[in-house]
Each structure stands twice: as structure tokens, then as C-alpha cells.
Amino acid sequence: MLVMNKIVIFFIIVTLFLCCDLTKKQTPNEFKGFVPKTGFVPDSATAIKIAEAIWFSIYGNEIYQNKPYQIKLIGDTVWSIEGSLPEDLLGGVPYIEIDKRDCRILKVTHGK
């Protein structure tokens, strides 16, 4: 009887592991939960607000001198935002790429 109980417990544990797949790790691309149909960054205004928040934390107030921003949607999935300079100034501008679906920051640079 004791051996039979151990066998039953063993099969219950194996069944739980197989059914629940407890060994599977969640990869970064597996997003679980609510995702709006248009993504978390649905429009250019939202993308600019996110870009300014990221740039401000890195470069400070000087990013506001790089307006107007040039923004485009690449392949309906990635927002590309780039600052601009007045014609009489030399220098670089901030650049960022933001995933439209989940708001991941894909790239941040500043030209010189």
C-alpha cells in the first residue's frame, strides 16, 4: 500500500509539471496582460512625451532647444523621433526609437 501511495504521488507531481509547464521561463517578447489594439504608444503626441522624458533624464533642459521634432512611424511598429537644430547652429540632436506596442526604448543616441 505504501508503494502504491508513492507511485500515485509521483504521477500527480509529474502531471502538475506537465500541465502547468512550471519549467518554462517567460521571454521578454511574451507580454501577458492587456495591450490596447493601437499599442501603448498609439500616436505621435504620446511618442514625443515619452521621448522628452527619456531625453530630459539623460541630457537635461537642452533637449527643448531641439524642437521641432521630426517624427515618423517605421513599419507601423516603431516610433522614430529626432530633434532639429536651427539652420545657423552646428551640433547634434537627440534621437530615439520607441516600440509602439509595448513602449520599449529600442535606441537612444545624440549626434555631434
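Author: Two strands are taken as paired here if DSSP finds at least two bridges between them. The model discussed below is a predicted one.

Reader: To begin with the outline, what pattern does the protein chain follow when read along the sequence?
Author: The protein chain has two helices and four strands. Taken in the order in which they come along the sequence, these elements give the pattern α-α-β-β-β-β.

Reader: How many bridges join S3 to S4?
Author: On one side, S3 (94-99) pairs with S2 in the antiparallel sense over five bridges, and among the partners there are Ile-81 with Ile-96 and Ser-80 with Glu-97. S3 also pairs with S4, residues 105-110, and these two strands run antiparallel as well; here Pro-94 stands opposite His-110. The number of bridges that join S3 to S4 is five.

Reader: Which residues point one way from S3, and which the other way?
Author: In a regular strand the side chains alternate between the two faces of the sheet. S3 is mostly covered, with six of its six residues buried, so each of them falls under the cut-off of 20% relative accessible area. One group is made up of Pro-94, Ile-96 and Ile-98, and pointing the other way are Tyr-95, Glu-97 and Asp-99.

Reader: Which residue in the turn of the hairpin formed by S3 and S4 has a positive phi?
Author: The hairpin has five residues between S3 and S4. Arg-101 lies in this loop and counts as partly exposed at 38% relative accessibility, while its C-alpha atom is separated by 5.5 Å from that of Phe-40, 61 residues apart along the chain. The residue in the turn with a positive phi, of about 70°, is Cys-103.

Reader: Is Ser-84 buried or exposed?
Author: Ser-84 is placed in the loop between S2 (78-82) and S3, and, leaving aside neighbours within four places in sequence, Ser-84 is in contact with Gln-65, Asn-66, Lys-67, Pro-68, Gln-70 and Val-93. A polar atom of the Ser-84 side chain lies 2.5 Å from the backbone oxygen of Pro-68. The relative accessible area of Ser-84 is 15%, and because the cut-off lies at 20%, Ser-84 counts as buried.

Reader: With which side chain does that of Glu-52 make a polar contact of 3.0 Å?
Author: Glu-52 has its place in helix H2 and counts as buried, at 16% relative accessibility. Not counting residues up to four places away in sequence, Glu-52 touches Ile-63, Tyr-64, Lys-67 and Tyr-69. Within this set, the side chain joined to that of Glu-52 by the polar contact is Tyr-69.

Reader: What kind of aromatic pair do Phe-56 and Tyr-64 form?
Author: A search of the whole structure finds two aromatic pairs, one of which is that of Phe-56 and Tyr-64, at 6.1 Å centre to centre and with 40° between the planes. Phe-56 is partly exposed, at 39% relative accessibility, and Tyr-64 is also partly exposed, at 37%. Planes under 30 degrees apart would count as stacked and over 60 as edge-to-face, so an angle of 40° makes this pair tilted.

Reader: Over the whole protein chain, what share of the residues counts as buried?
Author: The accessible surface of the protein chain comes to about 8,400 Å², and 62% of this belongs to carbon and sulfur atoms. Among contacts with a separation of 6 or more, residues 24 or more positions apart account for 38%. Of the 112 residues, the share that counts as buried is 22%.

Note on methods: Residues numbered from 1 in each chain as written. Predicted model: local features only at pLDDT ≥ 70, side-chain atom pairs only at ≥ 80, totals over all residues. Heavy atoms only, no water. Buried < 20%, exposed > 50% of the residue type's maximum accessible area, 1.4 Å probe, protein only. Polar contact = N/O pair within 3.5 Å; in protein donor to acceptor, adjacent residues only side chain to side chain. Contact = heavy atoms within 4.5 Å. Phe/Tyr/Trp six-rings, centres within 6.5 Å; stacked < 30°, edge-to-face > 60°. Areas by Shrake-Rupley, 256 points an atom, 1.4 Å probe, with all protein chains shown as cover.
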